[in-house]
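Q: Hi! Could you walk me through this one?
A: Happy to, here it comes.

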Amino acid sequence: MAKDEGTRPVVPAHLPNCSRGSALAGRPGPPAGCRKLLRWPSARWAAGIYVAVPLIFGGSLAATTGLSLGGLAGYLPQASLDTAYSFLRMLAAYALSLGFSLAYGYYAATHRSGERVMIPILDILQSVPILGFFPFALLFFADATPGSWIGPNFASVFLIFTSMAWNMVFGVYESLKTLPADLKEAADTFGLGGSLRFRRVLFPATVNRLVYNSVLSWTAGWFFLVEAEIFSTGRSPLPGIGSYLSLAASQHHGEEFLAGLVVLVTLIAFLDFAVWRPLGHWAERFRYDQAPAGEGGELTPTRDTSGRFRRAASYVTRGVRTGVTRIRTPLVQLAAIGGRSGRRPSERRRSLTYYATLGAILVVGWLLLIAIVVGVFDALTGPISGPVRHLIFEVPTAMGVSVVRVVVAYLLCLAIALPLAIQFARSRRASRLGLPVIEVVASFPATALFPVIVFELIPYLSAEGAAVLMLMTGMMWYLFFNVLSGIRSLPPDLEEAARSYGLTGRRFLRRVLLPGIFPALVTGSITAFGGGWNTLIVAEYLSVGGGGTGQSLSVLGIGQLIDIATELGQPGNPLMAVALLTLVATVIAINELIWKPLYRRAVTQYRYD
Amino acid sequence: MSLIRIEHVDKSYASRHGTISIMQDVSFTVKDSDFLAIVGPSGCGKSTLLRLIQGLDRPSAGRIYFQDRPVDRVCKKMAMVFQSFALYPWLTVSQNVAFGLEALGWPEERIGPQVERYVSVTGLDGFQEAFPRELSGGMRQRVGLARALAVEPAVLLMDEPFSALDPLTAENLREEVLQLWRDPQLPPDAVLLVSHNIEEAIELADRVIVLSRRPGHILAEVEVTLPRPRDRKSAAFYELTDRVYSLITAGGQSLATAPAPEGAGRSGEAL
């Protein structure tokens, strides 16, 4: 780090103003050359359409249902109370996550033997759709405290915790691992140990990433909080904003629903402005990874607090990078055996037949697994009932359908996120006006709108369309912020070189921009898929309102089967086990066999640093 | 009186390609009020030696004594100044200077005045509340120096302290370090400077220990008796510099850091 200082690039005075400005002042936004090059006419139109459509749609929806402000105000007290319940749950889960991430991350970063086990576990935990385990958690905690409010609350706090903790743990672990050796050594020379070492050196080293990852954790937390509360409304409703919203939507009480939204948005916006912004500003001093004095670089717009999400996105990206480059899970090692041919792994390009064979082996193994589970249940708890057995045979099809659904949602997200990100990177005005809005929208839990999607949009979209739309809300932002930060961190000199050779328009897109953002695109895709798997469980089967008044969405898929198994209770256990195993195995296989190799190629081939 | 005694120290690391020997059979002593410089080509284990002396690392063989007691843990009577400054970006200048004192468990009311004293000794007055990133390279190294001096060490260990600075800043800071060392009111008693800059070593030190390339062993111990302040342009200074260059090139065939010497060097006998 210090060596860099001596060789810090000095930009000669004769270079055009635009590139010097951005390199030296480190201000956000693209250099002038970049903006010129990104003249891709359809991007602006696409961005406009994507912004306009939901606005028009929401407006007309409000107009048709006939809302009055007075009626809305009447619901505010109840909505506030329920939001307060939810907020308490969030606080509890966050406190848990904070403690857990510090302890786990610290131990993994400082103990070699612990690290070898703990980090792969973490990698699997963060890639597995935890929501699938919610029914288990609910059963577990409810059984522990029968008939009490404590069990379901513990379960929901636990669920929120699982959505918050992992990225924070990675934050702590990585900031401790990347702490420059000389800072550790300086503490050694003064014999600084014990709690003082933690207080003065190790804890401060984690603060920056903890703050930025907390922003993401809270966003994910709200998303899952609402899901968790909706999820449990089937049995014993938890008082909270999620169940409030789903109940209001199921009874078509537009005003009640909107009052809930208003309170929730207000709270989230308040937290954003009063807590995260100042905290992000304060956390700047805890950074140790920046170029000293006069820092540049598009990824680190230090004075620009609205870059929080992009920073957070880049931190998540690094978390993924750790997961990919430092961890070799057994499956990866297994996959590597087939491709071992003396060449370096980065140069290895596997053939289609290799993937086909591997895929076939996996499918066979997976069918075998299902058979074993069925056998075990048959042997231990007596024969599985007919309907459940029938549902178990649907698992492979359901899994396939779910994969297709997630892929479709992903492609749609890509079609939106890419032009939108290019537009934001291209125009400083668009990013100044639009980004704060987008950040607020992104931190708002889309799950709160799920009841509306189910009750109001199904007639227009069909159940299938509604499911895909819900999936998209769980995938969109990861992709968008990663792509945006990828475009912004594209070195200005690459753009300048392209310009001097007259490379513009679509060719620029294909030759420079897309390869340049490829690593960011891959990490964005990995995290987006993670979000997608998690959303799957609510997106495929959502029964809101409960009782006779409820309306439900149900499309064939693995998420649907998990939910059905939950509702079946005890007899549904074999189905639950098979469905969860299938989902987890598929997710891990896709991560290990598609994303991780792709990511390794991205960082070895498309790296420009 | 010998302050530090280094006896037949070897250091080697296990690597994938077998053991790599960093240094072999290094022995010398540091006397009270010594200013000792260790020079040698890069990779000869100079910095490792410094870390062995403070006890941050253990020698593979041989012993190191501080005030006749073996160094078997980090010695708090010594303080290190780092090439990269190693300042904590989240601590202010004052807090960085107080760092070592807190580690020693000083009470708060004594830390304050001590920090003030060394902040002003190193010319950092007015910057107490600044953060390291707001300072220039030279000012940062002053903070590093103040942090080391504040614990009033018997020995100041300096690991390439001026290498990351521009030449002018480095020159100023060198003079100030010399003044601090000569001031009897102020610590430290002895200074151990590791450098790859031979002129720098000769300008500052009483004695220069010349290490060979890896595995490092002592080629020579050169006594510098030139009167201070030393003139880098004087013939005597030039001759001494040339001698050390020759020693290193002869002792270590190829050399990455030092420029080629003018004449053919003499063989590396002790002087």
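Q: Before we start, what does "partly exposed" mean here?
A: Buried means under 20% relative accessible area, exposed means over 50%, and partly exposed is in between. By that scale Asp57(B) is partly exposed, because its relative accessible area is 24%. Bear in mind that this is a predicted model.

Q: What does Asp57(B) form a salt bridge with?
A: With Lys11(B), the closest N and O atoms being 3.4 Å apart. The pair links distant parts of the chain, 46 residues apart: Lys11(B) is in strand S1 (residues 2-15) of chain B, and Asp57(B) is in the loop between H1 and strand S4 (61-66) of chain B.

Q: And Lys11(B), buried or exposed?
A: Buried, since its relative accessible area is 7%.

Q: Let's switch to the interface. How many residues of chain A are in contact with chain B?
A: 26 residues of chain A, and they meet 30 residues of chain B. Between them the two chains bury about 2500 Å², with 62% of that on carbon and sulfur atoms. Thr189(A), Phe190(A) and Arg200(A) supply 31% of the area that chain A buries against chain B, more than any other three residues.

Q: How many salt bridges are there between chain A and chain B?
A: Two salt bridges, and there are also seven residue pairs in polar contact, both residues at pLDDT 80 or more.

Q: Which helices of chain A supply at least two residues each to that side?
A: Helix H1 (2-6), helix H9 (181-189) and helix H10 (194-232). H9(A) gives the most, with seven residues. By class, the side of chain A that touches chain B has 15 nonpolar, three polar and eight charged residues.

Q: Which residue forms a salt bridge with Arg51(B)?
A: Glu185(A), and the closest N and O atoms are 2.5 Å apart. Arg51(B) lies in helix H1 (residues 46-54) of chain B and Glu185(A) in helix H9 of chain A, so the pair joins two chains. Arg51(B) counts as buried because its relative accessible area is 14%.

Q: Back inside chain B: what does Glu203(B) meet in a salt bridge?
A: Arg174(B), at 3.8 Å from N to O. Glu203(B) sits in helix H6 (residues 198-204) of chain B and Arg174(B) in helix H5 (residues 167-182) of chain B, so to speak of the pair is to speak of distant parts of the chain, 29 residues apart. Both Glu203(B) and Arg174(B) are buried.

Q: Which residues join them in a network?
A: Salt bridges that share partners join Glu171(B), Arg174(B), Glu200(B), Glu203(B) and Arg232(B) into one network. Over all chains, the structure holds 22 salt bridges.

Q: New topic: how many helices and strands are there in chain A?
A: Chain A has 23 helices and two strands. Of its 609 residues, 53% are buried. Among contacts in chain A with a separation of 6 or more, 80% come from residues 24 or more positions apart.

Q: One last residue. Where is Thr582(A)?
A: In helix H23 (residues 573-605) of chain A. Thr582(A) counts as buried because its relative accessibility is 0%.

Q: What does Thr582(A) touch?
A: Leaving out residues up to four places away in sequence, Thr582(A) touches Trp366(A), Ile370(A), Val395(A), Met399(A) and Ile558(A).

Note on methods: Residues numbered from 1 in each chain as written. Chains lettered and ligands numbered in written order. Predicted model: local features only at pLDDT ≥ 70, side-chain atom pairs only at ≥ 80, totals over all residues. Heavy atoms only, no water. Contact = heavy atoms within 4.5 Å. Buried area = accessible area lost by both parts, 1.4 Å probe. Salt bridge = Lys/Arg side-chain N within 4 Å of Asp/Glu carboxyl O. Polar contact = N/O pair within 3.5 Å; in protein donor to acceptor, adjacent residues only side chain to side chain. Helix = DSSP H or I, 4+ residues; strand = E, 2+ residues; numbered from the N terminus. Nonpolar A, V, L, I, M, F, W, Y, C, P; charged D, E, K, R; others polar. Buried < 20%, exposed > 50% of the residue type's maximum accessible area, 1.4 Å probe, protein only.
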